Amino acid sequence: KSIVILISGRGSNMEAIVRARIPGARIAAVISNRPAAGGLAFAQAHGIATAVVDHTAHAERTDFDAALAACIDTHAPDLVVLAGFMRLLTPAFVQRYEGRLLNIHPSLLPAFPGLHTHRQAIETGVRVHGATVHFVTAALDCGPIVIQAAVPVLPDDDEATLAARVLAQEHRIYPQAVRWFVDGRLAIDDRGRVRVRGVR
Ligand code: GRF
């Protein structure tokens, strides 16, 4: 299965997926919307094709999404992985990759969609926080949940300590979700929930 990974910054989740060396998976390209994304260097150093589709060069979101889709489609991927990709995508884009577009969100969805999830968790006083890998649908941070990991929120946590604890789990669950997809084990049931074949 061929995979295109979209990043905007550091790319540590992309790195975790690359390092997992998932049998049957080939990382065809890493594409960033920001030329300065730190993750591009890692991808290049690992012999992975990289590209930049700079959102600032496109006045309209639809133009950017069309350029991004054109770039993705040159690699004809079976799966598109959003890994810290910080742009909202148009419904047309999401529809084009329906069923083969994954995202990771740093909260236990449906809690805390949007930005600053760790701050939201601390301010709300939740004792348990985490991360979610989900299929992307048109609504923001929504869509069938593939896997989640929970971490405790400790009394002395600040955004940075909590983010680091969650990130360690992201690096574990994202490669797992991709492995399941590549192995053809993910199905969506008639109520829109993900079933992982072979996992109860
Ligand atoms: C991750 O916490 C991801 O869940 C969030 O942004 C962060 C990206 O980190 N959306 P990285 O670029 O994968 O290192």
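Domain bounds, as used here, come from an automatic or database domain assignment. On that basis the protein is divided into domain 1 (1-97) and domain 2 (100-200), and 19 Å separate their centres, taken over C-alpha atoms. This is a predicted model, in which local features need pLDDT of at least 70 and side-chain atom pairs count only at pLDDT 80 or more, while totals for chains, interfaces and linings use all residues. Residues are numbered from 1 along each chain as its sequence is written.

**Between the domains**
- In domain 1, 20 residues are in contact with 18 residues of domain 2, contact being C-beta atoms, placed from the backbone, that lie within 7 Å.
- Helix H1 (12-19), strand E4 (79-82) and helix H4 (91-96) each supply at least two residues of the side of domain 1 that touches domain 2; helices (H or I, at least four residues) and strands (E, at least two) are DSSP runs, numbered from the N terminus.

**Around the ligand**
- The ligand is surrounded by 13 residues, the closest being Arg10, Ser12, Asn13, Gly84 and Pro106, where a residue counts as near if its C-beta atom, placed from the backbone, lies within 6 Å.
- H1, strand E5 (101-105) and helix H6 (159-182) give two or more residues each to this shell.
- Because both domain 1 and domain 2 give residues to the shell, the ligand lies between them.

**Helix H1**
- Asn13, Met14, Glu15, Ile17 and Val18 of H1 are buried, that is, 20 or more other C-beta atoms, placed from the backbone, lie within 10 Å of their own.
- After H1 comes Arg21, whose phi is positive, near 45 degrees.

How values were computed: Two residues are in contact if their C-beta atoms, placed from the backbone, lie within 7 Å. A residue is buried if 20 or more other C-beta atoms lie within 10 Å of its own, exposed if 12 or fewer, and partly exposed in between; C-beta atoms are placed from the backbone.
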